[in-house]
Amino acid sequence: MNEPLKYAYYPGCASQAITKEANSTTRKIAQVLGIELYDMPKANCCGAGLLTDYDYDLSIALNARIFAQAEEMGMDIMTICSTCLMVMSTANRDLKNNPHLFKKTNEILTGAGIRYNGTVEIKQLLWVLAEDYGLDKLKNKVKKPLKNLRVAPFYGCHSLRPSDALGFDDPERPWSLEAVIEALGAEVTEYNGKTKCCGFQVDLVAEGAAVEMTGKRLLDAKGEGGRCMVTPCPFCHINLDNYQGMAERKLSQKIDMPVFHLSQLVGLALGMTAEELELSRHLVSTKHVLAETKVII
């Protein structure tokens with residue numbers, strides 16, 4: 001009998017404060033799939049990329065502190081935040097490629113009585129489902145195939161780039177999200193914007209431009225026949241769902257594109273209810289598309 005998959009679970013700040021449904025539904029589907037997630041109660045924020053520019057050494061040390069905790073648990077890290085994935089993967093790459101930085105960082109960690117030995121890998125839920133768990137096994141767990149649902153995949157920048165740090169999908173020709181969608185029985189909607197930016201972080205300095213980017217990604221998917229969108233990134237979900245109304249006003253066009261967290265789409269195929277998946281937390285309602293496709297009646 002195979003040992004269950006076990007991960008040190010790092011949901012990230014956004015999924016614990018804003019997109020809480022992403023965190024709770026990840027835990028629910030993991031339980032059904034037999035994936036064991038272990039909390040990291042002493043883990044700190046990764047810095048979300050902002051700290052890296054302000055104080056690089058501090059950013060590396062804080063991320064190494066997270067890695068050391070997972071290493072002590074004897075597990076790799078699984079996150080559901082693409083920004084955390086990018087920040088932690090980049091920090092891990094830099095530590096492993098730079099012996100001087102590795103030594104300097106561990107000297108800092110010594111003050112807290114910890115050490116990082118460089119053995120931890122950083123993964124996101126999407127990669128775990130597509131590779132570690134396996135598509136065939138996931139398909140066999142499906143109770144309610146999403147056969148009438150046309151789903152547009154949206155990766156987000158930080159799930160794909162920088163590719164030398166992430167090392168999973170080809171940023172120009174990714175495959176994992178489409179493969180998971182198909183394993184759930186849904187139909188993939190191909191469109192040009194699936195690997196482009198949703199506008200996240202741009203909205204901090206140029207809200208109008210960011211909202212327009214959000215609208216273009218949604219309309220691109222809708223124009224190719226997508227009835228809904230799925231993303232593995234909570235920040236992309238915030239832009240694509242929460243800011244969709246602003247995008248409609250900016251572009252003077254109705255969009256009405258429901259956006260699912262990856263864990264929610266998986267949960268639908270596993271037979272979970274709208275209540276269990278906390279779909280009511282979305283600003284753009286999912287009710288009509290699920291009723292039309294008879295996923296939930």
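Author: In this predicted model, helix α4 (residues 56-73) packs against helix α6 (residues 99-110) at an angle of about 70°, and their axes are 9 Å apart. Angles of 65 to 115 degrees count as roughly perpendicular, so that is how α4 sits relative to α6. On the α4 side, the contact is made by Tyr 56, Asp 57, Ile 60, Ala 61, Ala 64 and Arg 65. Helix α6 answers with Leu 101, Lys 104, Thr 105, Ile 108 and Leu 109. Sorted by class, this contact has 7 nonpolar, 1 polar and 3 charged residues.

Now let us go further inside. The largest nonpolar core has 92 residues, and Ile 77 and Leu 265 are those with the most contacts inside it. Helix α7 (residues 125-141) gives the most to this core, with 8 residues. The core lies between domain 1 (4-122) and domain 2 (133-291), because both give residues to it. If you zoom in on Ile 77, leaving aside its neighbours within four places in sequence, you will find it in contact with residues including Ala 8, Tyr 10, Met 40, Ile 66, Phe 67 and Ala 70. Met 88, Val 120 and Ile 122 are also among the contacts of Ile 77.

One more helix is worth a visit. Helix α9 (residues 176-183) is mostly covered, with 7 of its 8 residues buried. Among the buried ones are Leu 177, Glu 178, Val 180 and Ile 181. Their cover includes α7, β5 (150-153), β6 (187-188), β7 (228-231) and α13 (262-269). After α9 comes Gly 185, with a positive phi near 90°.

Methods:
Residues numbered from 1 in each chain as written. Predicted model: local features only at pLDDT ≥ 70, side-chain atom pairs only at ≥ 80, totals over all residues. Heavy atoms only, no water. Axes fitted to C-alpha atoms, helices over the stretch in contact; angles between N-to-C directions. Helix = DSSP H or I, 4+ residues; strand = E, 2+ residues; numbered from the N terminus. Parallel < 35°, antiparallel > 145°, perpendicular 65-115°, else oblique. Contact = heavy atoms within 4.5 Å. Nonpolar A, V, L, I, M, F, W, Y, C, P; charged D, E, K, R; others polar. Core = buried A, V, L, I, M, F, W, Y, C linked by side-chain atoms within 4.5 Å. Buried < 20%, exposed > 50% of the residue type's maximum accessible area, 1.4 Å probe, protein only. Domains from an automatic or database assignment.
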